Amino acid sequence: MLATLYGCAPTTHINVSSNPVPIAENFSLSGQQSLSPSWWHDIDDPGLQALIEQALTNNLDLLGSRERLKQAQALAIKAGAALSPTLTGRTTGSESRTRKSNSTSSSSNLLLGLAASYEIDLWGRLQALEDSAVYDLQSSEKDLQTAALSIAAQIATTWYELATGYSQIELLKQQQAVNRVGLDLIQLRFNAGQVSIADVLQQKQLIESKSGEQARQRATIQLLIHQLAILTGHSPGNFTLTEKPQLIELPPLPDTGLPLDLLSNRPDIKSSYLSLLSADRKVAAAIADRYPKLSLSGDLNTSGSASDLFSNWFASLGANLVGPLLDGGSRKAEAERTTASAQEKFYTYGQTVIEAIGEVEDALVREKEQKALIASLEVQLDLATKTTGNVRDRYKLGIENYQRVLTALLSQQSLQRNLLSSRQQLISYRISLYRALGGYASVPEAVSQAN
């Protein structure tokens, strides 16, 4: 009978070995520079590296992910325990007193027993549940890696936004100094009666506008410092930077490898695939639950008074074969539910893959076009600088009005600031590329920040 039933046991479920969508052979662009798994080590910026290492140790979101990983570890151990026999012990004691005439007699009785049970995993249900829990554990490990890499990218982006904020303030101060020199020239011409007071007032307004922009940048800088504090697990009020960040020259474009490489390099893709495997094993367990269960049990007991406790023994051994006959379709519905859930995980995995490829392609396109934009801005700034010099000279000679000078000056200074922001944006696109290519982050044990 068991052989007949075993021939009906479930074997295959979701085709987890196939890719839901075709994958391109190559990325549109690629460099030659090899990329470290911890990509921030490829950037020559010790300040950034130190902050990321702090975050990997102290970020509270990462600490929460670590605890979720411990939960998954416990669940895997719990699921694996069902494959082992269980042994329980029990002891009971009783005492009775009998009174006859003027005498009282008492007797005590003790019972010691052991009970063992073991379910034979006929259809692989217990093994499937353990496999599912192990896959969930491995998925949690990859989720922790995904969170760590995401936080590293957030810190790097914030770090260079902060560097841009400091550079913008320095640029604004330089522009303000240039504008003050221009004010001196206009004031001389006004004193000589060559221009109206409107020219003087407009130039003063331009100078004051730089003070307002500096105030806005100082506020932005403080907000970015607060963000870095939170990302590194510190209270914003108790966090200071040991050094001022600066914009960097980007390393060469990394070797992006092949799109298929993302399947092994991206922890979020690995996590999605492991979730699919876990769901597939849940299908196996749900189908196996529709078949009979065979369990063995044994008992060993001894009882008596303290003096003859081990003189009398009683042992029993039993086997039980239990199978569902009528359950209102509950087990069948559960099998269908887990199958649909696994199929959903299959499509989710495919979506994760194509989105990852899209992130790499997006970052490559943005970096390429951003470099073209920066080159154009540099040409525009060169032309604007020449134009400003020319109209200023003509203004000194009295053959050009102030509005033309102001327009040229505003254009030049706007281009200077846009060029600075564009260089920071280029760094952000490279960080997005690093993040999209995946990698590995070592997440050490937390260090207390109580002090």
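Residues with under 20% relative accessible area are taken as buried, those with over 50% as exposed, and those in between as partly exposed. In this predicted model, Asp 289 has a relative accessible area of 22% and is therefore partly exposed. Its salt-bridge partner is Lys 293, with a distance of 3.3 Å from N to O between the two side chains. Lys 293, at a relative accessible area of 30%, is partly exposed as well. The pair belongs to a network of salt bridges that also links Asp 327 and Arg 331. Across the model, the count of salt bridges comes to 18.

A further salt bridge joins the side chains of Asp 382 and Lys 386, at 3.4 Å from N to O. Both residues lie in helix H8, which covers residues 330-396. They are four residues apart in that helix, or about one turn. The two partners fall into separate accessibility classes: Asp 382 is partly exposed because its relative accessibility is 38%, whereas Lys 386 is exposed because its value is 55%.

Arg 394 and Glu 400 form another salt bridge, in which the closest N and O atoms are 3.2 Å apart. Here Arg 394 counts as partly exposed, with a relative accessibility of 34%. Glu 400, by contrast, has a relative accessibility of 15%. This value is under 20%, so Glu 400 counts as buried.

Helix H9 spans residues 402-437 and contains 36 residues. From its first C-alpha to its last, H9 reaches 53 Å, close to the 52 Å expected at 1.5 Å a residue. At the start of H9, a side-chain oxygen of Asn 401 comes to within 3.2 Å of the backbone nitrogen of Gln 403. Just after the helix, Gly 438 adopts a positive phi of about 85 degrees.

Leu 114 counts as partly exposed because its relative accessibility is 42%.

Definitions and conventions. Residues numbered from 1 in each chain as written. Predicted model: local features only at pLDDT ≥ 70, side-chain atom pairs only at ≥ 80, totals over all residues. Heavy atoms only, no water. Salt bridge = Lys/Arg side-chain N within 4 Å of Asp/Glu carboxyl O. Buried < 20%, exposed > 50% of the residue type's maximum accessible area, 1.4 Å probe, protein only. Helix = DSSP H or I, 4+ residues; strand = E, 2+ residues; numbered from the N terminus. Expected span 1.5 Å × (residues − 1). Polar contact = N/O pair within 3.5 Å; in protein donor to acceptor, adjacent residues only side chain to side chain.
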